[in-house]
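Please examine the structure shown here alongside the account that follows. The text moves from the salt bridges to the fold as a whole, and then to individual sites.

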Amino acid sequence: MIARARALLARRFIQDTLILQAGKIGSVILSLISSLLVWRLMGAHDFGIYGWAQTFLGLWLALDLTGIGPSTGTRLAMAIGARDDREILNLMAFYMQVTLTFTLGLVTLILLLSPMITDAWYGDRHIGELAGLLSLGLIADDFYMLVTTSLQARRSMKTLALMQNANQFVLTTCLIAAVLISPTPEALVIGRLVYSYSTLLMALIVYHRTRTRGDLPFPPLVTVMKRTRTLSPRPYWKFGVANALDKNVTALFSQIPMQIVGVVGGASAVGYLTLASAGIAQASVLSSAVFDNMQAVVPQMVGRGDYVGLRRNFLRVLIALIVLAVVFYGVVAVAAPIFIPPLLGAEWIPAIAPLLVLCVYGVITGFGGVFGSLYRSFNLVWKIVAAKVVTLAIMLPLGAVLLLTGTQTALRPYGEIAAQVIPAQYLVSDAAATGGALTIVGIYALSVTLTAIITLPVLEKKAHENA
């Protein structure tokens with residue numbers, strides 16, 4: 001038994017995952033501290049306005065058809081596996097081309113049009129103004145992600161884990177300082193912008209100091225910037241568009257239900273669902289180290305043509321994640337009703353029901369996310385995008401009906417006398433948030449099922465041909 005444990009720990013995949021996981025635990029602790037303080041000081045309504053602005057910004061990001069993040073991560077890892085330093089330079093240069101052109105243009109559109117759109121849709125320019133301010137951080141976030149993608153692709157997991165913890169520390173500090181100065185959505189937006197540009201500076205310093213480590217040095221960022229002027233985007237943009245559609249459609253899985261919840265249940269309902277989503281997101285960080293590692297390992301194995309080993313290791317990871325996700329989110333579901341009232345106050349009790357529902361979403365995404373690196377490496381993205389569009393077409397109408405029905409009947413169980421004691425909007429917001437959570441769970445359940453049906457037979461076929 002001891003010998004098997006030592007052999008297991010000697011594997012680089014396990015070592016890298018444990019290193020990342022240790023860093024994730026620190027990030028979770030810091031994130032939990034800041035989140036509890038923000039939620040407690042701001043309350044459901046003000047935090048709901050901030051969350052509404054964030055998800056509205058997310059709708060704008062659906063226009064980003066470059067797919068620059070996931071496509072660069074996959075191709076960079078494959079280039080490293082093939083030891084192609086010229087391709088590494090080109091991929092990083094293409095990333096910069098996109099950020100310096102498309103992202104700047106998109107931010108300009110968001111700043112100009114968001115207030116008018118939210119005024120027309122929701123009768124509230126303020127949400128659009130906040131979304132516009134938040135968009136100013138996109139450029140810094142994009143360049144930060146280029147550095148983290150390069151570290152992940154070359155499997156510099158210790159440096160990546162340290163940088164992720166430093167990133168979360170800066171975010172925690174900025175958000176806490178913001179709400180202590182002024183517990184308002186505007187202050188939180190300013191804190192978020194300070195965080196984005198502070199971590200960008202940190203990332204640039206880290207890249208400069210670590211790019212020559214290992215046996216395959218990465219190019220200086222000045223060299224990458226010069227390459228942007230002569231590089232043709234033609235070999236790269238098609239793969240990026242497919243990945244962009246994949247990413248953007250997936251983002252709509254939660255963004256569209258959130259907008260519907262806001263229209264039906266108001267800002268407080270968005271606040272409850274945003275808290276529940278944030279709680280699950282923080283919990284999911286504890287399994288994200290596996291996904292981060294798979295983003296580097298799977299493309300490298302595909303680049304080497306080791307499909308038999310990929311099938312064996314992928315199925316082991318998948319089974320382990322399913323078991324761990326069920327156990328972990330079962331514990332979260334039991335603990336949430338116990339800890340939320342004393343930690344956050346009675347105002348946040350309606351967030352418990354959507355949080356319990358989203359524990360099912362946590363289980364689904366806890367193992368479903370591992371398919372991403374596989375179908376991108378196998379160039380199955382277009383099929384997965386089609387499956388996700390079908391998922392939205394089926395589940396969104398069902399979710400909208402569920403939301404409307406739930407909010408219309410929210411007062412019935414309480415009777416007229418109880419309804420006079422309990423504010424009607426309180427009950428409607430609670431029902432809307434829970435209906436939104438159920439909609440999100442249904443969407444992800446169908447999407448992951450279709451993804452597995454498409455992806456696993458291809459893996460099996462390639463492994464059989466490679467045997």
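**Salt bridges and their setting**

The count of salt bridges comes to 5, a salt bridge being a side-chain nitrogen of Lys or Arg within 4 Å of a carboxyl oxygen of Asp or Glu. The structure is a predicted model, in which local features need pLDDT of at least 70 and side-chain atom pairs count only at pLDDT 80 or more, while totals for chains, interfaces and linings use all residues. Residues are numbered from 1 along each chain as its sequence is written, and side-chain values use heavy atoms, with hydrogens and water left out.

One of these salt bridges joins lysine 388 to aspartate 246, with 2.6 Å between the closest N and O atoms. This pair links distant parts of the chain, since lysine 388 belongs to helix α15 (residues 381–408) and aspartate 246 to helix α10, 142 residues apart. Helices (H or I, at least four residues) and strands (E, at least two) are DSSP runs, numbered from the N terminus. Lysine 388 counts as buried because its relative accessibility is 7%, and aspartate 246 counts as buried because its value is 3%. The terms are set as follows: buried means under 20% relative accessible area, exposed over 50%, and partly exposed in between (1.4 Å probe, protein chains only).

Aspartate 246 also meets arginine 376 in a salt bridge, at 3.9 Å from N to O. Arginine 376 lies in helix α14 (residues 371–377) and aspartate 246 in helix α10, so this pair ties together parts that are 130 residues apart in sequence. Both arginine 376 and aspartate 246 are buried.

Another salt bridge connects aspartate 141 with arginine 192, where the closest N and O atoms are 3.6 Å apart. Here, too, distant parts of the chain are linked: aspartate 141 is in helix α6 (residues 138–153) and arginine 192 in helix α8 (residues 185–210), 51 residues apart. Aspartate 141 counts as partly exposed because its relative accessibility is 24%. Arginine 192 is likewise partly exposed, with a relative accessible area of 22%.

The chain as a whole can now be considered. The protein chain holds 17 helices and 0 strands. Of its 467 residues, 53% are buried. Among the contacts in the chain with a separation of 6 or more, 86% are between residues 24 or more positions apart; contact means heavy atoms within 4.5 Å. The accessible surface of the chain comes to about 20500 Å², and 69% of it belongs to carbon and sulfur atoms. Accessible areas come from the Shrake-Rupley method with a 1.4 Å probe, and for residues only the protein chains shown count as cover.

Helix α10 (residues 234–265) also contains valine 241. Is valine 241 buried or exposed? Valine 241 counts as buried because its relative accessibility is 19%. Leaving aside neighbours within four places in sequence, valine 241 is in contact with Leu65, Thr66 and Trp382. Aspartate 64 is 177 residues from valine 241 in sequence, yet their C-alpha atoms are 8.7 Å apart in space.

Helix α4 (residues 85–122) includes threonine 118, which is buried, with a relative accessible area of 0%. Beyond residues up to four places away in sequence, threonine 118 touches Phe56, Gly123, Asp124, Arg125, Ile127 and Gly128. Leucine 112 is also found in helix α4, but leucine 112 is exposed, with a relative accessible area of 58%. Together, Leu109, Leu112, Leu113 and Met116 make a nonpolar surface patch of about 360 Å². Patches are made of residues with over 30% relative accessible area and no salt bridge: like charges are joined within 9 Å, and nonpolar side chains (Val, Leu, Ile, Met, Phe, Trp, Tyr) within 5 Å.

Helix α13 (residues 352–368) has 17 residues and spans 24 Å from its first C-alpha to its last, close to the 24 Å expected at 1.5 Å a residue. That expected span is 1.5 Å times one less than the number of residues. Helix α13 is mostly covered, as 14 of its 17 residues are buried.

Cysteine 359 is buried at 4% relative accessible area, and cysteine 174 counts as buried at 12%. The whole structure has 0 disulfides, a disulfide being a pair of cysteine sulfur atoms within 2.5 Å.
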